[in-house]
Amino acid sequence: MQTIRTKSLISLHQVALFVALLLCAQLVSSGAFAQSASAAKGELLYNGIQLPEVWPPRDLPVSREPMPLPYLKTPPAVIPIDVGRQLFVDDFLVEDTTLARTHHPATYFPGNPVLKPDSPWESEGSKSQEHPAPTAMVFSDGVWFDPQDNLFKMWYMGGYTVTTCYATSKDGIHWEKPMLDVVPNTNIVQAAKRDSTTVWLDLLEKDPVRRYKLFEFGWTGKSRHNLTIFFSSDGIHWGDPVGSSGTVGDRTTVFYNPFRNVWVYGIRDYDHTTIGRFRRYAEGADVLAASQWEDKKSPFWVGADNLDPQRDDLKTPCELYNLDAVAYESIMIGLFSIWRGQPTDRAKPNEICIGYTRDGFHWDRPTHEPFIPVSEKYGDWNWGNVQSAGGCCLVVGDQIYFYMSGRSGVQGSPASGTSATGLATLRRDGFVSMDAGDTEGVLTTRPVTFKGKYLYVNVDDPNGQLSVEVLDENGKIIKRFKKDKCTPISANSTIQRVAWKKTDDLSALAGKPVRFRFHLTNGKLYSFWVSPDASGASYGYVAAGGPGFTGPTDTVGAPPSK
């Protein structure tokens, strides 16, 4: 009798389990289960990174520890690579390699400064007659290429904290200061006293009146400050303010993250006990709504960390003075102005370091050496206080242009002296290279998927050789794309197509997980991407633009051969 009851009970459990499985199947087929799981996980990014449900993170402690990098700790199983050139700034794309990673700083243009104070209104605002401070410098502000007018455009501080001025250039090196009608017979576009300012040329904006956006930190004489926000159709006539932000510190900056379609406010704050100057984080799809945070309620974001080296002559813990950021190809780059202390006998020796993020929040700073350093030679235009421009950089042919401010300083005093704007350059995609010498090195990517057709690389190996093979999702080499069928590449090119015998067409592999394996000798590999176009267009972001680009992304590729 006991045996019969047990069998009946087991039978009832089996029936209940069967019914439950049927209900789960119905939920899955209806999409309800998938929607619930998706909501719990949060946003899925263009590169396969799955954000958590709570975003942005609100649990980071105020600390000098380097930021955690969850997308490197647990990268996606398969990485989509349809957006932009794929850079080797970290191991996100790298499954294994014997190549050596090299980080490259930018190189100062020998004709610096490219913009210097030479107008009467640019000599106003000096703190004393003893130490005048003529000023024509980007203090974030912005340097952009406007495809509508086919011009480089710069907004900068004219006079020390006095006005915002405007200059244009056809080549990014030789600049003109047009006489405008805002303040007649000057190039002033904002006459209000100011400190840090960001100007953003928004090529995704549908309303022409809002095409240019200005975020201005003003001196109100009060202990609490905010950003005043303006819109403009031409970047010259700004009209009345359209909004103001929550409380900020000076050098608060703004950028747009097109990968997630959000405006990001890097709110400068100060911690007296741990890290000094640092950044809080606020974001939103609407630029005005995103600016309405409550004082001190925005989460801690980033500051200088304990890997930032102190100066030998100061022994002062570093602080994050400023952060400008922009979308470049498939990542966000950040220019970190690092404060290394305040000497009593020279201007601040601030200098620019670089960081990268793939989720828009967590910054990877694989090197803490300066990307654009301050000069240690008195008399140089950049002996003090080197800081970045809003928009960060422009893509000009095979190079990237970076603009920055520098101050000549006054020997024996912390005064600024003359403040001007300079230029530094870098090879396109040239932040990091994967290098090999005489012995062949190999790099194999993690599984990736793409929708394109043609494989391109940015490579420098005129005295070496690069060959590529393609592996399937199980790691087996696909016969049509074996190394010995690849046409070896010996070139120095920022856009070089890869081909195999009888084909350069990868479209049969589109949508399937594959790995690329690169074999390199005596050369440097900077990036790779799969383009849908024979031109090699990457459809990645081109930062603050550049000649030939018609919008915020590279839809052009290589210019046609003559």
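# Chat about a predicted model

Modeller: This is a predicted model. Four of its strands make an open sheet, ordered β3-β26-β31-β29, and the pairing is antiparallel.

Colleague: Which strands stand at the edges of that sheet?

Modeller: β3 (94-97) and β29 (465-471). Each has a single partner strand, so one side of each is left without a neighbour in the sheet.

Colleague: And by how much are neighbouring strands turned against each other?

Modeller: On average by 15°, with direction ignored.

Colleague: What holds strands of a sheet together, in general?

Modeller: Strands pair through backbone hydrogen bonds, either parallel or antiparallel.

Colleague: Back to β3. How many bridges join it to β26?

Modeller: Three, and the two strands run antiparallel. β26 covers residues 441-445.

Colleague: How many bridges between β19 and β20?

Modeller: Nine, joining residues 319-329 of β19 to residues 331-339 of β20 in an antiparallel run. To find your place, D324 has L335 in β20 as its bridge partner.

Colleague: Let's zoom out. How many helices and strands does the chain have?

Modeller: Three helices and 33 strands. The radius of gyration is 26 Å, close to the 24 Å that the globule rule gives for 562 residues, so the chain is as compact as a globular protein of that length.

Colleague: What does the C-alpha trace span along its principal axes?

Modeller: About 105 × 65 × 50 Å.

Colleague: And how much of the chain is buried?

Modeller: Buried residues are 56% of the 562. The accessible surface comes to about 23700 Å², and carbon and sulfur atoms hold 53% of that.

Colleague: What share of the contacts comes from residues 24 or more positions apart?

Modeller: 64%, counting contacts in the chain with a separation of 6 or more.

Colleague: Now β23. How many of its residues are buried?

Modeller: Eight of nine, which leaves the strand, residues 399-407, mostly covered.

Colleague: Where does β22 come in? How does it pair with β23?

Modeller: They pair in the antiparallel sense over seven bridges. L394 stands opposite Y401 in β23. The two strands form a hairpin with two residues between them, and G397 in the turn has a positive phi of about 60°.

Colleague: What about β23 and β24? Over how many bridges do they pair?

Modeller: Nine, again antiparallel, with β24 covering residues 419-427. There, Y403 stands opposite L423 in β24.

Colleague: What is phi at N385?

Modeller: About 55°, a positive value, although N385 is not a glycine. This residue is in strand β22, residues 384-396. N385 is buried, because its relative accessible area is 3% and the limit for buried is under 20%.

Colleague: And K502, buried or exposed?

Modeller: Exposed, because its relative accessibility is 90% and the limit for exposed is over 50%. Phi of K502 is near 75°, positive in a residue other than glycine. K502 is in the loop between β30 (492-497) and β31 (515-521).

Colleague: On to cis bonds. Which residues does the one at P56 join?

Modeller: That peptide bond runs from W55 to P56, with omega near 0°. P56 is in the loop between α2 (32-41) and α3 (70-73). Another cis peptide bond joins N112 and P113, with omega about -5°. P113 is in the loop between β5 (107-108) and β6 (136-146).

Colleague: Last topic, S196. Where is it found?

Modeller: In the loop between β10 (188-190) and β11 (197-201). S196 counts as buried, because its relative accessibility is 0%.

Colleague: What does S196 touch?

Modeller: Leaving out residues up to four places away in sequence, S196 touches F139, S140, F215, E216, F217, R251, T252 and T253. With R251 there is a polar contact of 2.6 Å between the side chains.

How values were computed
Residues numbered from 1 in each chain as written. Predicted model: local features only at pLDDT ≥ 70, side-chain atom pairs only at ≥ 80, totals over all residues. Heavy atoms only, no water. Buried < 20%, exposed > 50% of the residue type's maximum accessible area, 1.4 Å probe, protein only. Polar contact = N/O pair within 3.5 Å; in protein donor to acceptor, adjacent residues only side chain to side chain. Contact = heavy atoms within 4.5 Å. Pairing = 2+ DSSP bridges. Axes fitted to C-alpha atoms, helices over the stretch in contact; angles between N-to-C directions. Rg over C-alpha atoms; globule rule 2.2 N^0.38 Å. Areas by Shrake-Rupley, 256 points an atom, 1.4 Å probe, with all protein chains shown as cover.
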